[in-house]
Amino acid sequence: MELRQLRYFEVVAEELHFGRAAARLLIAGPSLSQQIKALERDLGVKLFVRDRRSVALTPAGAALLPDVRALLERAENLRRRAERLSGAEPVRIGYVNWLPTDLVARTSGVAQLHVDPWVVPSHAQATRVADGSLDLAIAWVRKTDVAQHGLKARLLGADRIHAVSSGADTTPVQARDVVLLVDDDTTSWWSWNVFAEEFARDTGAQILRINDGGITGPAFFDHVRAIGRPVVNSPKGQTTTLPTDLTARSMVDPAAVWTWSLLCRENETRSAVLAAVDALTRDVTDLGIQEAGIWLPKDDPYRRN
């Protein structure tokens with residue numbers, strides 16, 4: 001008895017017509033008939049009653065059909081699990097500036113993860129997943145972006161955004177008292193600009209428009225010194241070591257959180273990609289983003305109200 005014979009039996013039982021079943025299985029009618037007869041011999045029971053005009057299940061065939069379907073389903077599940085464990089199929093993942101430190105460990109044994117070296121902004125990485133250039137990406141997105149590109153998003157990380165000010169004062173700063181830099185280069189800073197402008201509208205914080213790429217790096221530090229007020233540090237600068245004359249300060253009332261989503265295509269069917277998504281996000285909690293005093297954009301995929 002072979003699995004393919006059981007599959008043949010299932011299809012004939014559904015069609016109750018050997019010609020249609022053979023066409024569906026892409027085999028010749030006589031070959032199908034021979035395989036069913038061989039299965040009946042192996043099982044020791046007659047599965048079908050057939051004549052020139054009709055085909056019907058015998059009582060034994062009807063009784064065995066649910067067991068055959070269950071066995072075929074288990075075999076398919078086994079095949080899929082073996083594919084996941086082999087990790088033979090490469091999965092391409094892109095990112096903006098943050099990756100989980102245990103990225104490879106989480107996916108070991110289920111996917112052969114290839115981290116794409118082309119680091120581009122969040123909206124560009126989302127587009128690359130949508131057009132098939134990437135299988136997965138870690139990026140900041142809105143619900144609007146997810147729907148527009150036909151994507152699925154799962155929470156993977158969250159950065160609580162802080163401010164930077166001159167001097168040694170480390171006390172928390174009120175959100176309404178900070179400055180947010182917005183750059184004219186929307187190709188590079190579109191996602192951050194959207195986030196910053198909405199935060200300013202909701203809190204009364206000040207927006208300062210720049211055109212020198214000073215959202216991060218030495219130019220950002222120069223802006224902080226020149227402005228003389230706490231300036232919000234973008235997600236790209238959250239882990240950057242500050243010069244000795246500048247200090248990181250947490251924001252309160254509210255605290256802004258930048259979420260990182262793991263993106264894949266909504267119609268994705270490749271088992272290795274789906275296994276990688278599950279492995280990367282399975283144990284991720286809400287990461288504190290639902291706590292009191294947290295601000296998320298209105299269109300953030302994880303905002304509850």
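Me: Which residues is Ala255 in contact with, leaving aside its neighbours within four places in sequence?
Reply: Ala255 is in contact with Arg160, Gly293, Ile294 and Trp295, once neighbours within four places in sequence are set aside. Keep in mind that this is a predicted model.

Me: Where is the place of Ala255?
Reply: Ala255 sits in strand S13.

Me: Is Ala255 buried or partly exposed?
Reply: Read the relative accessible area; buried means under 20%. Ala255 has 6%, so Ala255 is buried.

Me: How many residues apart in sequence are Ala255 and Gln174, and how many Å apart in space?
Reply: They are 81 residues apart in sequence. In space, C-alpha to C-alpha, Ala255 and Gln174 are 8.7 Å apart.

Me: Which residues does a cis peptide bond join?
Reply: Look at omega. The cis bond joins Asp253 and Pro254, with omega about 0 degrees. Pro254 lies in the loop between strand S12 (246–252) and strand S13 (255–265).

Me: Now the helices. How are two packed helices described?
Reply: By the angle between their axes and the distance between the axes. Take helix H1 (residues 3–15) and H2: they pack at about 130 degrees, with axes 8 Å apart. H1 and H2 are therefore oblique to each other. Their crossing is right-handed.

Me: Which residues of H1 and H2 make the contact?
Reply: H1 brings Arg7, Tyr8, Val11, Val12, Glu14 and Glu15. H2 brings Phe18, Arg20, Ala21, Arg24 and Leu25. The residues of this contact of H1 with H2 divide into six nonpolar, no polar and five charged.

Me: At what angle do the axes of H2 and H3 cross?
Reply: The axes of helix H2 (residues 18–25) and helix H3 (residues 29–43) cross at roughly 100 degrees and come within 9 Å. That makes H2 roughly perpendicular to H3.

Me: Which residues in H2 and H3 meet?
Reply: Phe18, Ala21, Ala22 and Leu25 in H2 meet Gly29, Leu32, Ser33 and Ile36 in H3. The contact of H2 with H3 has six nonpolar residues, two polar and no charged.

Me: Which residues have a positive phi although they are not glycine?
Reply: Check phi residue by residue. Leu16 has a positive phi of about 50 degrees. Leu16 is found in the loop between H1 and H2. Leu287 has a positive phi of about 60 degrees. Leu287 is in the loop between helix H10 (271–281) and strand S14 (294–295).

Me: Are Leu16 and Leu287 buried or partly exposed?
Reply: Leu16 is partly exposed, with a relative accessible area of 36%. Leu287 is partly exposed too, at 36%.

Me: On to cores. Which residues touch the most other members of the largest nonpolar core?
Reply: That core has 60 residues. Leu136, Val178, Leu180, Trp192 and Met251 touch the most other members. Neighbours within four places in sequence aside, Met251 is in contact with Ile161, Ala163, Val173, Val178, Phe199, Val232 and Ala256. A second, separate core has 19 residues, including Ala13, Ala21, Leu47 and Phe48.

Me: Last one. Where is the place of His223, and is His223 buried or exposed?
Reply: His223 is in helix H9 (residues 217–227). His223 is buried, with a relative accessible area of 15%. Leaving aside neighbours within four places in sequence, His223 is in contact with Leu181, Ile210, Asp212 and Gly214.

Methods
Residues numbered from 1 in each chain as written. Predicted model: local features only at pLDDT ≥ 70, side-chain atom pairs only at ≥ 80, totals over all residues. Heavy atoms only, no water. Axes fitted to C-alpha atoms, helices over the stretch in contact; angles between N-to-C directions. Helix = DSSP H or I, 4+ residues; strand = E, 2+ residues; numbered from the N terminus. Parallel < 35°, antiparallel > 145°, perpendicular 65-115°, else oblique. Contact = heavy atoms within 4.5 Å. Nonpolar A, V, L, I, M, F, W, Y, C, P; charged D, E, K, R; others polar. Left-handed = near helix turned anticlockwise from the far one by under 90°. Core = buried A, V, L, I, M, F, W, Y, C linked by side-chain atoms within 4.5 Å. Buried < 20%, exposed > 50% of the residue type's maximum accessible area, 1.4 Å probe, protein only.
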